[in-house]
Each structure stands twice: as structure tokens, then as C-alpha cells.
Amino acid sequence: MGTLEVVKWVSRLPWVAPRRNDESGMKNAQLTAIESSSADAILIYDLDRIITSWNPAAERLFGYTAGEMIGQSYLSFVQFDKIDESNDLRERAWSDQTTLNFRTVRLRKDGSAVPVSMNISPIYDLSGAVNGVSAIYRDMTELKDSEKQNALSAAIVAASNDAILSYSLDGKITSWNPAAKRIFGFSAEEMIGNPYSVLVPAEKAGEAAEFPERLLRGEIIANHETVRLRKDGSEVPISLTVSLIYDLTGAVIGGSSVARDLTELKKSEMRNALLAAIIASSKDAILSFNLDGIATSWNPGAERIFGYSADEIIGQPPLVFIHSDKSDESADILERIRNGQPIEHFETVRLRKNKSAVPVSMDVSPIYDLTGAVVGASAIYRDITELKMAEQKFRDILESSPDAMVIADKTGTIVIVNSQTEEIFGYHRDEILGRSVELLMPSRNRAIFPGYWERFFSDPKVELMGGGLQLYGNRKDGQEFPVEIRLSPVETANGVLVVATIRDVSVHKNMIRQLNEMNALRSEFVAIVSHDLRSPMTSINGYAQELLNEWDATDEAKKIDYLQIIVRNTEYLAEFVEDVLQVARIEAGEYTFNIRPFDIRLLVQRVLDETASAGDGRRFEFTVPSDFPNVLGDEDRQWQVLTNLLSNAVKFSPSGELIVVELSCIDDFVQVVVTDYGIGIATDDMSKLFMKFGRVSNHGVLKTPGNGLGLYICKTLVEAQGGRIWCESGLGRGSSFIFTIPSAT
Ligand code: ADP
């Protein structure tokens, strides 16, 4: 602005209206100088709001030059929504009032708003009437900023999770935020004005005392880990950042501390350290992988089990340690993990680096990021080689048992069976596993089973099921069989199981029955033998005594009679003893046969001749066939059979009756038939014929007592030589005894 313009400008100032005296002129000049050099915008407007004065600061503040504004309406730089406010201020001035430090905003030439503080005063004319208004504007932009800053700082301090506190040079607390209360337990009221040192444990007093010195040396104390005391006396681990507070002159007037509570961090650090130690020392393989199946961690256990080092696995192609034929399985696992489903105790096989297979039990859990999305999985593999071997051993033991072994759990569900169970009960194991043991018992016993089972599990110990009662097993085909069941509890990882050893005792029962029968037979045998021996011996003894005592008094004919009786009985005894011995030898398996071909026709003829010479004029009929094959057998034994059959025929048919012997060839056998026309045998007795001591009633017509061993011996001898023997007869119509011998051709 040029001098002229200044003069012109000043001359327009109402309160510096030209005065005649010098004093007022001086004053005006001073005012003009003040006005033009003022840092505050100064403007004057008249009663019509027309600006009459606009100083350089106004130009700086609002961007309009004096030339642009003088003569313009004041309202041109009042924001539309501030016009009322402006009118009020004008009214106040009109009515003689001054407004001080009024905060508002005004518009700059560029349209931006500027915060201002206004002092508004009325201007009087010489008559003392108000004829204008002066307005002084102070730019509040910077002040506003620093106020904002302060408010923000205060909010941050209040909202901070860290304790923020300040203290004066004498160590007294001057500010204390809410987090400080949370962390240390003291309220602001309790702490402000009190010494900071109450927070410092004795062993940290030196450290705290050194801080100001260190800071003054220019050291930075930031994130310093230490401990402080809580109100309750306990220690709290903190991370401390300390700074000095200076006044405007640069003098230190105090300090401030920001303390972060490290309790949780320390806890999680400890947890992490613990976890890391566990993972490192675990015998199990612990690893993690991302959703592409690429390993992201690999512990020493994994290295031990699979043989790969962490470097060989981490970041390598997906799951190289997976058995090649299990790749479908690992795709399934990844799929399940993607869906957030964990996998528990999954037994499978993995491949070691050296290509050997290792049986493992795996547990896999998804890993989530902070948003809850699955990003990978952690897997724990347990080497179950030994477990599998033990299981195999256990199975081998189960399989080696001659008894059915059924392993069931507390609910009676069958978990393991051996192959004997399949054999004895007639089920395939797949039909039994997972079913109730009730399946294997007769339906009538099932009702009492649950109670019994519960009682067993309340005090499990080895016991015989049913306590001596006869129990029965139920086969798939519904057949029942007697069983003996021994229950033994076994502790397993999955709780107590019971091993039921089931013995099929039907064989045993049969044996007992046979044994009883044999015992009965033996007693019968002893009875018969002693009777059959005793009567001829009594007879021999009686007649011999008679002869001895009455030798002289007995006539010659009687003596011969007696002696003949003695001889007959002796022969009978000899024959009997021979038969019994033969039976004993046969039964002991000590009998040997001398098998070779011979001509049966000659043998039949010889036996007929011998029988005829001993017989009492029986008629024998035997047509010797020409061109007849040799037989294969023991000739002496066949002689014995023929002799026995012919002597029976003689014994049980009337003298003078015909006895016929016939030979024929049937297939590879020669068949010999001895037929008599004697008393015959009742149909009921036929079954006893070939049994030991199988004497039949013959309806009282038996004259010569036999020992009942003959046919039994015949049958044994014939069968031992590969033949068969049987009888066709009927009471009163004679009998045919038929036996076969293998032919030699
Ligand atoms: P035994 O030495 O007593 O004759 P066997 O075993 O030879 O013993 O005969 C058993 C029984 O069979 C005889 O006691 C007899 O009752 C009956 N028996 C055997 N052969 C004949 C037959 N040809 N006719 C009628 N009964 C016979």
C-alpha cells in the first residue's frame, strides 16, 4: 500500500476522523500504525454494513484486498448460516455493547472457512452516537489444531490399554489414566500427588532412580521389561517407556511413563515355550501342513518315525511320506480338514524314507486363522508297530486256542472272535462282530443275560459262567450244544473287556457216555466171564472130587462118564479162555493178519470135513464151483470164521437136518453163505448177534451154552480182512450167515 493510499485509508477511519488539534492527529497516526501492523484483522463497517476500513492482516486472513472489500457489504464474507449470528453481533454493537472473544468462522476469498475469535465494538461519532462497528478478528486455526490435539491426546490417554502416567520432578504422580488403575489397582485419586516410588519394588529402586539421568544423557528408554508392584503387593511384569517432560523454556519439569502389562504375554510366552518343549521331546510325530498338503512343521519325533529330516519335508511336495496306495486317503483327510472336521485315532500305514511301512494311529485337527478360516492342520502320528505286533501275538494266541474265544465289551457287544468261534457256532466272523453275545445263546437264556453281565462287570474276575449249571450254545442253524464258558476280564485302553472261552463239551459228553457204556460192558463181561468160568470149573471140581473120594465105590462106566464130563468142561474152558484172550488181543490192536491169496473152496471143504467128523451125522451140502477165483485173506482166520459159523449151524439145528454152504462172486468179493434149517433167530435179537457176549434167548432151546463171543470174533476178523458179515433169519425158519472176502484178482 502506497503512502497516499494509507492517508486516504486512515482518513476514512471514523474514530480517527481528522481532528484539528495535533494531539488527536498524533493519536490517529499511532492508531493507523497499530492498525496496519496488527497481526489481527481489523475492519470497520458502517450502519449499512458497508466496509469502510480493511487492514493488511484482514487481507492476509481473508484473502481479499482492501480495494476489493472497501465499499462492499460486510456480509460478503459471512457464511450464509452465520448471517443471523452476525446480525446479532451488529445489534449488540448498535445498542452500545462490546462483544469479546466471540468464536466463529468466516469465509476466505477462496471459499474456505477460517476459525476466528472476534472482538466487536461500537464506533461513535462526535456527537457520541454509534455510527459504525469495528471488528477485530484473530485467526484461531492453529489454536484450534492444538486444542484438537490436546483433546485427542486426552482421549488416547484415557482409552489406552497401557498405563500412562506422569510425575513431577519430586517424583509425585501428576496424571494417572484408567489403564494405570486397571494394571496397578490404584485409582487416580489414590495416586495423584503421591510418590511414584510406591510402584517400584525394592530390587528395582536403583533402576528407577537411574532413569532421569539416563534420559538426560540422551538415552532412550523404550520397551524396557521390568516389574512393578500392584496395590495388593503382587508383582506385575511390564514393558516400560519413559520420557522427560519439558516446559516451554526447555527446562525439565517431570517425566512420563507408559507401562504395558506383560502378564498375558508372559503367560503365553511360557505356554508357547512349554508347547515347543513338549513338541520337541514328544515320541510321536507332530507336524503341521497347509491346505495343499505341504508340511509346515516337523518335529524330531516325526524325523525318528519317518526317517526324513525337517529340511527334507517342510515345503516339499505334499505328504511325500504317505504310502503311495494311500493317496486317496490323504485327499479325504485334506477334504475333511477343509470342512473343519478333526480326525481321531485313525489307524493306517505310512511309508518311511527307506520305503518300509510303518503302522500309525493318527489324529488330525484343523488350524484356524484369526478370522476363523481353516488354513491347515496339525497331525500327530503314533507309531503303533509294537501295538500291532502285540495285537498279532494276541490274535495268534486266540487262534491257537482249541476253544471258541469271544471278546466282548461292557455292553455285551462282540469285538473280537477267533476262527474256532466261527467253526463251533457256524457263523462267519463278520456276522458276529458288533452283535450282542446273546446271539450265541439259546433264546430262553437271553432274558437273564443283561443282569448277569452287569453283575459280572460290577466285580470282574475270572469265573465259570452259570456256576456249574449246564449252559448251551446256539449255532447259526439253531442247533444247541452243551458248552462250558469261562469268563476272564482284561483291562484295555478302551476299558474292561471280557474274554469268554467257550468249550463245546458235546464231544466230552459223548466220551463220558461211551466210557459209562464201556464200564457197564466191562462189569457185564466180568460177570459173564466169572460165571462162564465158574460153572465148568465147579463141574470139573465136583466130578474130580467124586472120583477121588469114591474111586473104589464107583463103577467103570460111571468113571468114564465122569472123566468125559471133566474133559468136555476142560475143552470148553480152554476154548473160552482162548476166545477171551483173542478178543483182548483184537481190542488191544495186537492182532496180526497174514494176508495172502488162497483157494476158499479147499478151505470150505476142509472145515466141512472136520465138522462132519465131529458132528452127529449132519448132512452137508457144498457144491464146489469149478473155475473160482482165489480170495485174499488170512486163511487161518477164515478157517476160524467158517468153523464158528458151521458149529453154530450144527448147534442150533436138529440132527439130520441139512446144512448148506454156497460160494458166489459178487463184484470184487467172494461171498460165503452158511445156511441151516434150525431154530432161527427172533428179529428182535438180530441186533445183538454180533455183539460181545451177544447171546440171544433162542427160546429155551439152547442145549450147549456158548460164550457169546464167537460171532463177535467172526465179525471183527471178517471186517479186519476187508469183508462184511451179516445174518438173515427168522424164528423157526433157520438161519443164513453170510460173509464176504475180497477176491484176489
Ligand atoms: P456162542 O459161542 O454162544 O455160540 P456166538 O457168538 O457164536 O456165541 O453166537 C451168539 C448167539 O447167537 C448164540 O448163543 C445163539 O443164541 C445165536 N446163534 C448163533 N448162530 C445161530 C444159528 N445158526 N441159529 C440160531 N441161533 C444162532
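Me: Starting with D459, what's its relative accessibility, and how does it count?
Reply: D459 comes out at 41% relative accessibility, which counts as partly exposed. Buried means under 20% relative accessible area, exposed means over 50%, and partly exposed is in between (1.4 Å probe, protein chains only).

Me: Where do these values come from?
Reply: This is a predicted model, where local features need pLDDT of at least 70 and side-chain atom pairs count only at pLDDT 80 or more, while totals for chains, interfaces and linings use all residues. Residues are numbered from 1 along each chain as its sequence is written, and side-chain values use heavy atoms, with hydrogens and water left out.

Me: Ok, back to D459. Which residue does it form a salt bridge with?
Reply: K461, and the closest N and O atoms of the two are 3.0 Å apart. A salt bridge here is a side-chain nitrogen of Lys or Arg within 4 Å of a carboxyl oxygen of Asp or Glu. K461 is partly exposed too, at 44% relative accessibility.

Me: What about E225, which side chain does it meet in a salt bridge?
Reply: The side chain of K266, at 3.0 Å from N to O. Helices (H or I, at least four residues) and strands (E, at least two) are DSSP runs, numbered from the N terminus. E225 is partly exposed at 46%, and K266 is partly exposed at 29%.

Me: Which residue does E431 meet in a salt bridge?
Reply: K476, with 2.8 Å from N to O. The two residues are 45 apart and link distant parts of the chain: E431 is in helix α16 (residues 429–432), and K476 is in the loop between β19 (471–474) and β20 (480–492). E431 counts as partly exposed at 30% relative accessibility, and K476 counts as partly exposed at 46%.

Me: New topic, helices. At what angle do α19 and α20 pack?
Reply: About 155°, with the axes of α19 (residues 506–549) and α20 (residues 556–587) 9 Å apart. Axes are lines fitted to C-alpha atoms, for helices over the stretch in contact, and angles run from 0 to 180 degrees between N-to-C directions. The two helices are therefore roughly antiparallel (over 145 degrees; under 35 is roughly parallel, 65 to 115 roughly perpendicular, the rest oblique).

Me: Which residues make the contact?
Reply: Among them are F525, V529 and L533 of α19, and Y562, L563 and F576 of α20. Contact means heavy atoms within 4.5 Å. The contact residues divide into 18 nonpolar, 3 polar and 3 charged. Ala, Val, Leu, Ile, Met, Phe, Trp, Tyr, Cys and Pro count as nonpolar, Asp, Glu, Lys and Arg as charged, and the others, Gly among them, as polar.

Me: And how do α22 and α23 pack?
Reply: Helix α22 (residues 635–651) and helix α23 (residues 710–720) pack at about 145°, with axes 10 Å apart. Their contact includes V641 and L645 of α22 and I713 and L717 of α23. By class, that contact has 7 nonpolar, 4 polar and 1 charged residues.

Me: Last one: how far apart are Q30 and I502?
Reply: They're 472 residues apart in sequence and 129 Å apart in space, C-alpha to C-alpha. Q30 lies in helix α2 (residues 22–37) and is partly exposed at 44%.
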